[in-house]
Amino acid sequence: MKAYDIVIVGGGPAGLAAAASAKKAGIDSILILERDKELGGILNQCIHNGFGLHTFKEELTGPEYAGRFIDIVEDLEIEYMLNTMVMDISADKIVTAMNREDGMFQIKATTVILAMGCRERPRGALNIPGYRPAGIFSAGTAQRLVNMEGYMPGKEVVILGSGDIGLIMARRMTLEGAKVKVVAELMPYSGGLKRNIVQCLDDFGIPLKLSHTVVDIKGKERVEGITIAEVGKDGKPIPGTEEEYSCDTLLLSCGLIPENELSRGMGVEMSPITSGPVVNESLETNIPGVFACGNVLHVHDLVDYVSEEAGRAGENAAKFVKCGGKAVSGESVEIIATEGARYTVPKTINIDRMDDLLTVRFRVGAVFKDAFISVYYNDERVLHRKKNVMAPGEMEQIILQKKELAAYDGLKTITVKIEKE
């Protein structure tokens, strides 16, 4: 059985950034396992620009951004295997994988970095009535068909869900000559970035109907039309508000789910809110030596944040290898998200082990206007920062300072909440 210091599951932006960071931290024995035929992950099909403004200080397309990290990995001579599916990871970090050349094989890892990304929520989870006609695609599948395979899913399109992929595909389908009739969103707010609503819908005159959902799909062999209706505060359709649209294609952009079957199988503790692992300040899970980063941890809105987070995971995995897996002593402080804040990453902090500055990211549970992000050490408020608008589609963050935390006597909890005043 081959052995590596660090095995990274996933060769997308998170896996590549983690590998590069670990190598620069002095670890040579690194292996990336990627199930696709090329590195880069989902970025290969994201041909629009807007990537890299934080990381490279310039605007890049998805493939260009991925290409930068692939070049770094190649230059650092980091080993990777393509077309390789990881089947199982045991609690003692034995990775079982398979591909055509080697069949099924096992690798012994000192540390594992989980970087599997996320998948789209399927139609089956949405309980839409009707037949199962052709013409219903997830937005990401349609994006791959148009941008990589060269196929057009249809000519007249309705999009359910206003996640970023759905918004971007509204623009993409319009540019390719299709007519996008409407984007319907179940929630009273959009799930995507504000800039995508402006650039992808407003600029092309595509209507966005909030608090609406699809209640019927017409057509037996192929989609012929759909019916949308307004929903009340209970999320149920309001009779009499139905509107019919003729179309041949329905795209679903109804949220992303971190790809965590492997994590659950090895006994990683999961967050019921993010559907990703619960991690500490090092992005380490409850299993020592198993780290998580990127969209497998929680769904990000910017790939630059994925790369930054993965870089930290790579550095911390390298530290774990160098110290022989010995844990640093010191008590953990829990971060509690409440009153408008849905979750935080990380969930706990060991002050002795954290960097001088630690970025804590979180999302809010509703739209807040002229509200404050407040942070409490135990019961004392130490931060009260005003924000004009906060929405679930955009990630928020706070920065914690090690010296400030260390100087606070008897610190047990850090609470993040949204306050009106």
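Analyst: Start with the word cavity. A cavity is a set of grid points where a 1.4 Å probe fits but cannot get out. This is a predicted model. In it, the largest cavity holds about 50 Å³ of space.

User: How many cavities of 30 Å³ or more does the structure hold?

Analyst: Two. The second largest cavity has a volume of about 30 Å³.

User: What makes a residue part of the lining, and which residues line the largest cavity?

Analyst: A lining residue has an atom within 4 Å of a point. For the largest cavity, these residues are Glu-281, Ser-282, Asn-316, Lys-319, Arg-353, Met-354, Asp-355, Leu-357 and Leu-358. Helix H7 and strand S23 (357-364) each give two or more residues to that lining. By class, three of the lining residues are nonpolar, two polar and four charged.

User: Which residues line the second largest cavity?

Analyst: Leu-283, Glu-309, Arg-312, Val-345, Pro-346, Thr-359 and Arg-361. Again, H7 and S23 are the elements that give two or more residues. The classes here are three nonpolar, one polar and three charged.

User: What is the length of H7, and how does its span compare with the one expected?

Analyst: H7 covers residues 303-322, which is 20 residues. From first C-alpha to last, H7 reaches 29 Å. At 1.5 Å a residue, 28 Å is expected, so the two values are close.

User: Why is H7 called largely enclosed?

Analyst: Count its buried residues. Buried means under 20% relative accessible area. In H7, 16 of the 20 residues are buried, so the rest of the structure largely encloses the helix. Just after H7 comes Gly-324, with a positive phi of about 70 degrees.

User: Is Ser-211 buried or exposed, and how do you know?

Analyst: Set its value against the cut-off. Ser-211 has a relative accessible area of 17%. The limit for buried is under 20%, so Ser-211 is buried. Ser-211 sits in the loop between strand S13 (208-210) and strand S14 (212-218). Leaving out residues up to four places away in sequence, Ser-211 touches Glu-185, Leu-186, Met-187, Pro-188, Ala-229, Glu-230 and Val-231.

User: How many aromatic pairs are there, and why is the pair of Phe-291 and Phe-320 called edge-to-face?

Analyst: The count comes to five aromatic pairs. For Phe-291 and Phe-320, the ring centres are 6.2 Å apart. A pair needs centres within 6.5 Å, so these two rings qualify. Their planes stand at 80 degrees. Over 60 counts as edge-to-face, so that is the label.

User: What does this pair tie together?

Analyst: Phe-291 lies in strand S19 (residues 290-292) and Phe-320 in helix H7, so the pair ties together parts that are 29 residues apart in sequence. Both Phe-291 and Phe-320 are buried. Elsewhere, Phe-56, Tyr-65 and Phe-69 form one aromatic cluster.

User: What makes a pocket a pocket rather than a cavity, and what lines the second largest pocket?

Analyst: A pocket is an open set of points, while a probe in a cavity cannot get out. The second largest pocket holds about 400 Å³ of space. Its lining has 19 residues, and Lys-194, Ile-197, Val-367, Val-389 and Ala-391 lie nearest its centre. Helix H5 (194-201), S13 and strand S25 (380-390) each give two or more residues. S25 gives the most, with three. By class, the lining has eleven nonpolar, three polar and five charged residues.

How values were computed. Residues are numbered from 1 along each chain as its sequence is written. This is a predicted model: local features need pLDDT of at least 70, side-chain atom pairs count only at pLDDT 80 or more; totals for chains, interfaces and linings use all residues. Side-chain values use heavy atoms; hydrogens and water are left out. Helices (H or I, at least four residues) and strands (E, at least two) are DSSP runs, numbered from the N terminus. Buried means under 20% relative accessible area, exposed over 50%, partly exposed in between (1.4 Å probe, protein chains only). Contact means heavy atoms within 4.5 Å. On a 1 Å grid over the protein atoms alone, a cavity is a set of points where a 1.4 Å probe fits but cannot get out, and a pocket is an open set with protein on both sides within 12 Å along at least five of seven lines; lining residues have an atom within 4 Å of a point. Grid points are joined across faces, edges and corners, and a volume is the space filled by probe spheres set on the points. Ala, Val, Leu, Ile, Met, Phe, Trp, Tyr, Cys and Pro count as nonpolar, Asp, Glu, Lys and Arg as charged, and the others, Gly among them, as polar. Rings of Phe, Tyr and Trp (its six-membered ring) pair if their centres lie within 6.5 Å; planes under 30 degrees apart count as stacked, over 60 as edge-to-face and the rest as tilted.
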